[in-house]
Amino acid sequence: MKLTVQTFLTLDGVMQAPGGPEEDPSDAFTHGGWQAPFPDQTVGEFVTELNSHASAFLFGHRTFDIFRSYWPDQTDPGNPIATAINSLPKYVVSNSLSEADTTWRGEHPDTAHLLTGDIVAAVQALKNEPGDELQIWGSGKLLQTLLQHELVDRFRLMTFPLVLGSGRRLFNNGILPATMRPVELTVTDLGIVLGTYEPAGPVRHGQM
């Protein structure tokens, strides 16, 4: 499987709590719900399409808790996103959860699994499994580890036209410099950039 990152971003790279004020107020973040004023149908269609490629999901502890507090209650069989998230295998990286703590509520209680120990090796093993995509949503802390070890194969970044100045960011100090190859770029009517990128090798330098 390819490991793919899907995330909502601001122009200054913040990915924290796009969905609502209570989603993740950690570190005194006061801008939760910044995505809500942009009800863009094109973004919804983009998310639905990319979700159709998921064979499994990978989460950090915080994002896993956010997802399992919401998605098991979305039981409409006509909702393809809910169907995928609820029924496909889910892997959560945590040093504080036990296997018993990862049970998914609802009709698919045995679809969530705990990853501990050598996370890099565990994620690489998942990537070696057959399937289309191992998708990671949110999970900023986990993402830093994956980026440091160059495990991500594709980025789908939904960048919204606003700047927050604070909050957890996707790309932080300490990750390996890399060039990105644009695979597909679309700008919606509300100014949201839907960008798909793949790593394209190390950063090259020159003089202008």
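Trainee: Hi! Which residue forms a salt bridge with Glu133?

Mentor: Arg156 does, and the closest N and O atoms are 2.6 Å apart. Keep in mind that we are looking at a predicted model.

Trainee: Are Arg156 and Glu133 buried or exposed?

Mentor: Arg156 is buried, and Glu133 is buried as well.

Trainee: Okay, and what does Glu198 form a salt bridge with?

Mentor: Its partner is Arg154, with the closest N and O atoms 2.4 Å apart. This pair also links distant parts of the chain: Glu198 belongs to strand β8 and Arg154 to strand β6, 44 residues apart. Both Glu198 and Arg154 are buried.

Trainee: How many salt bridges does the structure hold?

Mentor: Ten. One of them joins the side chains of Arg105 and Asp73, at 3.1 Å from N to O.

Trainee: What does the Arg105 and Asp73 pair tie together?

Mentor: Parts that are 32 residues apart in sequence, because Arg105 lies in the loop between β3 (90-93) and β4 (112-115), while Asp73 lies in the loop between α2 (61-68) and α3.

Trainee: And how accessible are they?

Mentor: Arg105 is partly exposed, with a relative accessible area of 39%. Asp73 also counts as partly exposed, at 47% relative accessibility.

Trainee: Which residues are linked in a network of salt bridges?

Mentor: Asp24, Asp27, Arg62 and Arg168.

Trainee: Let's switch to helices. Which residues of α1 are buried?

Mentor: Helix α1 runs over residues 41-51, and its buried residues are Val43, Phe46, Val47, Leu50 and Asn51. They cover an arc of only 125 degrees around the axis, so they end up on the same side of α1.

Trainee: Why do residues three or four places apart point the same way in an α-helix?

Mentor: Because an α-helix has 3.6 residues a turn.

Trainee: Nice. What covers the buried residues of α1?

Mentor: The cover includes strands β1 (2-10), β2 (54-60), β5 (133-137), β6 (154-160) and β8 (193-199), along with helix α3 (80-87).

Trainee: What goes on at the start of α1?

Mentor: There, a side-chain oxygen of Asp40 reaches to within 2.9 Å of the backbone nitrogen of Thr42.

Trainee: In what sense do β2 and β3 pair?

Mentor: In the parallel sense, over four bridges. Along that pairing, Phe59 stands opposite Val92 in β3.

Trainee: How many residues of β2 are buried?

Mentor: Six of its seven residues, so I'd call β2 mostly covered.

Trainee: New topic: backbone angles. What is phi of Ala17?

Mentor: It is near 50 degrees, which is a positive value in a residue other than glycine. Ala17 lies in the loop between β1 and α1, and Ala17 is buried, with a relative accessible area of 4%.

Trainee: And what about phi of Ala28?

Mentor: Phi of Ala28 is near 60 degrees, again positive in a residue other than glycine. Ala28 is placed in the loop between β1 and α1.

Trainee: Is Ala28 buried or exposed?

Mentor: Ala28 is exposed, with a relative accessible area of 68%.

Trainee: Last one. What feature does UniProt place at residues 2-193?

Mentor: The unreviewed UniProt entry gives "domain: Bacterial bifunctional deaminase-reductase C-terminal" there. Over residues 2-193 the chain is 23% helix and 23% strand, and the end C-alpha atoms are 23 Å apart.

Conventions
Residues numbered from 1 in each chain as written. Predicted model: local features only at pLDDT ≥ 70, side-chain atom pairs only at ≥ 80, totals over all residues. Heavy atoms only, no water. Buried < 20%, exposed > 50% of the residue type's maximum accessible area, 1.4 Å probe, protein only. Helix = DSSP H or I, 4+ residues; strand = E, 2+ residues; numbered from the N terminus. Arc of directions from axis to C-beta. Contact = heavy atoms within 4.5 Å. Polar contact = N/O pair within 3.5 Å; in protein donor to acceptor, adjacent residues only side chain to side chain. UniProt positions renumbered as here; feature names shortened; annotations may be inferred. Salt bridge = Lys/Arg side-chain N within 4 Å of Asp/Glu carboxyl O. Pairing = 2+ DSSP bridges.
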